[in-house]
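Visitor: I would like to learn how to read salt bridges and pockets in a model like this one. Could we start with the salt bridges?

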Amino acid sequence: MSSVDPQRRVVSGMRPTGQLHLGHYHGVLKNWVKLQHEFECFFFIADWHALSTDYETATGVRRSSRNLLIDWLAAGVNPGSTTLFVQSQVPELAELHLLLSMITPTSWLERVPGYKDQQEKLQDKNLSTYGFLGYPLLQSADILAYRAGLVPVGGDQEVHIEIARDIARRFNHLYGREPGFEANALAAVKKLGKKTSALYQQMRTAYISHGDVEALQTAQALVKEQSNLTLADKERLLGYLEGTGKNILTEPRALLTSEARMPGLDGQKMSKSYSNMIPLRAEPDDVVKKVRSMQTDPARIRLSDAGDPEKCPVWHFHKIYSDEATCERVQTNCRSAAWGCLECKQPVTDAIIAEQAPIRERAQQFEENPELLTRILTEGSERARDAVRSTMADVREAMGLGYR
């Protein structure tokens, strides 16, 4: 069994489906830059996931993958602090996906939020494929393969981690039962010593009988800090806490992030599909044009009309980019009609251009050094494969695959 601490390991990825925009930067990348200094991070380019909806136009995936990596690096993601890799360069993921498909009920996949919604929204594409239906299962394999205990998501995405947790729990229930598991677990409990074993049993009862998650976490920490137990006994005790067998696959949980909701130029969520985005590496002239074209308070028709910032998409940009003093001026001058809309937009334009200048500069350096990009992904993919090989050895053993 692996000695990895799942609560120190984070995994996340992005599909290479086109250029990144400010929504990706404020909603994901800034958080990744922070996490890389606090956890062991695996960030991957999800090229297989891109094929689930864009399999008919797959020729651009490789080019988009390269640009995606450049965006990450330019935003401050450090390959010296994180493992950066391409999903398809870790073939063991495909094996885990296949093996998990043997135990995952089809109904679990069909009821995943967004499955039918996406089919309706993307009616111009034929999504009646297993690749699209099995997207959540492949996503689960991405998480479970690295024994990552944490997946950074916004609050509205937490449901997507639940299926990975359900699959891990089902796998552990089916294959984590060694012969005489309960007797072996009780023997391991006695090795804790009288006082510690009593506390362990108390915490286990509190969780199993009353669902006390805090008691579960306390007991898990108690087991992990024991230096006199073998790794096998620790795994037995961790599994026994939840009434299952050994935890072969780690049950992940969401690492909720304070995600900044970046509005689009029209006030909706910024998205490529809405054509309301500002690219992460936009040229200054393009930023000027895009911000100038932004919708404003529809009730403000004439320059002399008073406006309401709360009804204006530009105000939401000010809340992200402007300091307190500027925001106060916006409120005062908009409501009193002392400013025209172009004057109100200027501080936002200046702030975006200033923010993007170092990103564009760093991106240029990476674009001019393709050998460095190849080396980063080659080394990252090898580190990722090393992590997955350990998981797959345990999975194959648990399922009785191969021969001796």
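Guide: This is a predicted model. Arg335 sits in helix 16 (residues 324-335) and Asp308 in the loop between helix 14 and helix 15 (313-321), so the pair links distant parts of the chain, 27 residues apart.

Visitor: How many salt bridges are found in the whole structure?

Guide: The search finds 15. One of them joins Asp71 and Arg281, whose closest N and O atoms are 2.6 Å apart. Asp71 belongs to helix 3 (residues 61-75) and Arg281 to the loop between strand 5 (253-256) and helix 14 (284-292), so this pair ties together parts that are 210 residues apart in sequence.

Visitor: Is Asp71 buried or exposed?

Guide: Asp71 is buried, with a relative accessible area of 4%, while Arg281 is partly exposed at 23%. In another salt bridge, Arg147 meets Asp394 at 2.6 Å, N to O. Both Arg147 and Asp394 are buried.

Visitor: Which residues are linked in a network of salt bridges?

Guide: Glu92, Arg385, Asp386 and Arg389 are.

Visitor: And how is a pocket found?

Guide: Rolling a probe the size of a water molecule over the atoms shows where empty space is left. Here, the second largest pocket has a volume of about 880 Å³. Its lining has 30 residues, with Gln7, Gln220, Lys224, Thr250 and Glu251 nearest the centre.

Visitor: Which helix gives the most to that lining?

Guide: Helix 12, with six residues. By class, the lining has twelve nonpolar, eight polar and ten charged residues.

Technical notes:
Residues numbered from 1 in each chain as written. Predicted model: local features only at pLDDT ≥ 70, side-chain atom pairs only at ≥ 80, totals over all residues. Heavy atoms only, no water. 1 Å grid on protein atoms, 1.4 Å probe; cavity = no way out; pocket = protein on both sides within 12 Å on 5 of 7 lines; lining within 4 Å. Points joined across faces, edges and corners; volume = space filled by probe spheres on them. Helix = DSSP H or I, 4+ residues; strand = E, 2+ residues; numbered from the N terminus. Nonpolar A, V, L, I, M, F, W, Y, C, P; charged D, E, K, R; others polar. Salt bridge = Lys/Arg side-chain N within 4 Å of Asp/Glu carboxyl O. Buried < 20%, exposed > 50% of the residue type's maximum accessible area, 1.4 Å probe, protein only.
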